[in-house]
Amino acid sequence: MATKRAKESKKSPLIIIASNRGPFSFTAKEDGEFDYKRGAGGLVTALASVAQDHDVLWVANALSDDDRQWAEKNKKATLVDDTLLKLIVPDLDSYNQFYNVIANPLLWFIQHQMWDSTHNPSITQETWDAWENGYVALNQLFADAIIESIDDPKRPVIILPQDYHLYLVPKMLRDALGDQVQIQPFIHIPWPGPDGWIILPNRIRTEMLEGLLASDRVGFQTKKDAFNFVQTARFYLEEKAKSRGSRNSLDYDGRKVGANTYPISVDVEKLNTLTETTEISLFKNQILALIGDRKMILRADRIEPSKNILRGLEAYKTMLQNHPEHHGRVQFLMLLVPSRLDVDEYHSYLQEIMAASGLINAEFSDGFWEPVRTIVGGNYNRAIAAMQLYDVLLINPIADGMNLVAKEGVLVNQRDGQLVLSENAGAVFELGEAALTVSPYDVHGTAQALHDALTLPPEERATRAQRLKEIVENADITKWFQDQIQDALREMNVEIASKKASTSETSKAKKSADS
Ligand code: G6P
């Protein structure tokens with residue numbers, strides 16, 4: 001492998017994050033200025049906090065009219081709240097093809113293994129057009145913006161393309177920049193084994209795999225995902241990709257490509273501070289008024305078929321049928337955030353959820369007690385307030401890269417709440433030992449787990465809840481980010497302290513000077 005420029009450099013690295021959804025969404029004000037708030041979604045939640053502590057350039061798509069206006073006004077990368085931001089402005093048709101035809105549903109549904117393949121998907125002319133004019137074109141826009149932003153040839157550069165939207169970016173960068181940069185994509189969602197990818201035509205699948213294999217290493221949430229990636233590349237690229245028995249690396253095109261595991265987590269410090277704010281107390285009062293002295297089963301999710309919300313309702317209904325002692329004494333609260341409503345499957349899913357919860361209420365409600373309460377709309381602080389109060393948190397996805405709600409929930413909960421957790425959520429690798437794990441398809445088993453979670457003896461509840469909290473406290477988001485950066489630096493042979501590290505060094509020095 002060629003010597004990377006970082007070897008000779010003493011400069012702090014520039015870290016470039018690229019993702020579909022950026023850290024902020026903008027609202028234009030009448031005076032021509034802009035308000036901004038944090039973007040939604042797991043990826044942004046995780047990355048926004050770490051980005052503030054490093055020299056980060058964040059490249060993302062402009063997602064709304066106001067974002068586009070902001071991007072028009074700020075053509076160069078611009079500092080927003082400590083993060084240097086560059087928004088790409090694709091034309092709306094290409095964006096629609098990229099997001100609503102290829103990324104979600106096609107790739108998302110493949111990677112969560114949700115296609116009912118006797119009926120869907122069909123790869124049509126529309127799909128091929130969307131691949132070329134949407135996915136490939138948008139990936140090229142990202143690569144171009146990244147290439148343009150590298151203007152200091154002596155500075156080490158680490159590029160972190162995020163998730164299933166940007167599989168082609170590593171190769172585009174490698175072709176343009178050679179070995180002079182460290183490229184480490186991270187994939188937030190599950191990676192199925194070779195059979196899962198059979199749905200894609202060979203050319204698309206090959207372009208995707210070759211795109212990713214131009215990286216130095218590809219990051220995954222779990223060992224299983226990394227292993228599946230190695231197997232997929234070996235199976236479909238045959239002669240070109242070899243793993244020689246390794247589960248976490250491949251030889252490809254004369255270079256070694258890592259397939260590493262970095263389980264994502266939450267910002268423990270930030271969440272602990274947030275739980276003490278006045279807004280959260282107000283939301284807590286609102287939720288307490290809603291549940292009264294009943295026990296609360298909570299779910300907080302995007303309205304997302306992979307979250308398995310319908311089977312969750314079915315399990316709750318089964319529990320009410322099997323255990324009438326819970327009638328009037330338990331409240332199922334669902335906080336649901338609208339998501340990707342331009343994709344048909346998501347739109348109809350919301351309707352099915354409303355119908356299913358309505359039917360449960362119709363069957364069991366006694367005039368005072370409404371067994372399922374559903375609040376639709378995104379409000380992060382309300383969700384955190386509810387998480388403090390649950391007795392049971394239901395997380396039963398069909399498949400999930402990690403599931404950060406599981407980690408947020410067990411960290412902030414104040415009632416020795418129990419976690420009912422799908423064995424197909426990435427979080428099970430860390431939290432499984434102290435959760436009640438269920439198969440997402442096993443409605444009967446999930447109903448039983450809900451009942452068990454409501455009725456475990458207090459000591460066992462406390463022990464399990466405490467253990468879950470510890471696990472999250474011991475591996476937070478900073479570790480996730482630092483591990484990737486340290487691996488990159490090691491490979492580039494540079495030793496550099498992050499801004500946060502140097503800040504904490506400074507404060508350590510200050511403390512000892514004070515004492
Ligand atoms: C998942 C993906 C993230 C994405 C989030 C929200 O967690 O892994 O990349 O940010 O869903 O999806 P959206 O399409 O609303 O950005």
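# Exercises on a predicted model

An oxygen atom of the ligand sits 2.8 Å from an N or O atom in the side chain of R340. The model is predicted: local features need pLDDT of at least 70, side-chain atom pairs count only at pLDDT 80 or more, and totals for chains, interfaces and linings use all residues. Residues are numbered from 1 along each chain as its sequence is written, and side-chain values use heavy atoms, with hydrogens and water left out.

## Exercise 1. The ligand site

Task: describe the shell around the ligand, its polar contacts and its cover.

Solution. 

Step 1. List the shell. Eleven residues surround the ligand; the closest are R21, Y99, D163, R302 and R340.

Step 2. Sort the shell by type. It holds four nonpolar, three polar and four charged residues. Here Ala, Val, Leu, Ile, Met, Phe, Trp, Tyr, Cys and Pro count as nonpolar, Asp, Glu, Lys and Arg as charged, and the others, Gly among them, as polar.

Step 3. Find polar contacts. A polar contact is a pair of N or O atoms within 3.5 Å; within protein, one must be able to donate a hydrogen and the other to accept it, and residues adjacent in sequence count only if both atoms are side-chain atoms. For R21, an N or O atom of the side chain is 2.8 Å from a ligand oxygen. For D163, a polar side-chain atom lies 2.5 Å from an oxygen atom of the ligand.

Step 4. Compute the cover. The ligand taken alone exposes 380 Å², and the protein buries 89% of that. Accessible areas come from the Shrake-Rupley method with a 1.4 Å probe; for residues, only the protein chains shown count as cover.

## Exercise 2. Backbone exceptions

Solution. 

Step 1. Recall the background. Most residues other than glycine have a negative phi, and most peptide bonds are trans.

Step 2. Take R340. Its phi is near 45°, a positive value in a residue other than glycine. R340 is found in the loop between strand 14 (330-337) and helix 11 (344-364). Helices (H or I, at least four residues) and strands (E, at least two) are DSSP runs, numbered from the N terminus. R340 counts as buried because its relative accessibility is 14%. Buried means under 20% relative accessible area, exposed over 50%, and partly exposed in between (1.4 Å probe, protein chains only).

Step 3. Take D253. It is not a glycine, yet its phi is positive, about 55°. D253 lies in the loop between strand 11 and strand 12. D253 counts as exposed because its relative accessibility is 64%.

Step 4. Turn to the peptide bonds. The bond from N104 to P105 is cis, with omega near 15°. P105 lies in helix 3 (residues 92-111). A cis bond also joins N120 and P121, with omega about 0°. P121 belongs to the loop between helix 3 and helix 4.

## Exercise 3. The open sheet

Solution. 

Step 1. Write the order. Four strands form an open sheet, 9-12-11-10, with mixed pairing. Strand 9 (217-220) and strand 10 are the edge strands, since each pairs on one side only.

Step 2. Count bridges. Two strands pair if DSSP finds at least two bridges between them. Strand 10 (residues 241-242) and strand 11 (residues 249-252) run antiparallel and are joined by two bridges. A241 stands opposite Y252. Strand 11 and strand 12 are also antiparallel, over four bridges. S249 has G258 as its bridge partner in strand 12.

Step 3. Check the hairpins. The one of strand 10 and strand 11 has six residues between the strands, and R244 takes a positive phi near 40°. The one of strand 11 and strand 12 has two residues between the strands.

## Exercise 4. A covered strand

Solution. 

Step 1. Count burial. In strand 4 (residues 56-61), six of six residues are buried.

Step 2. Strand 1 (residues 14-19) runs parallel to strand 4, joined by five bridges, with I17 opposite W58. Strand 6 (residues 83-88) also pairs with strand 4 in the parallel sense, over five bridges. L57 has L84 as its bridge partner there.

Key: Near = heavy atom within 4 Å.
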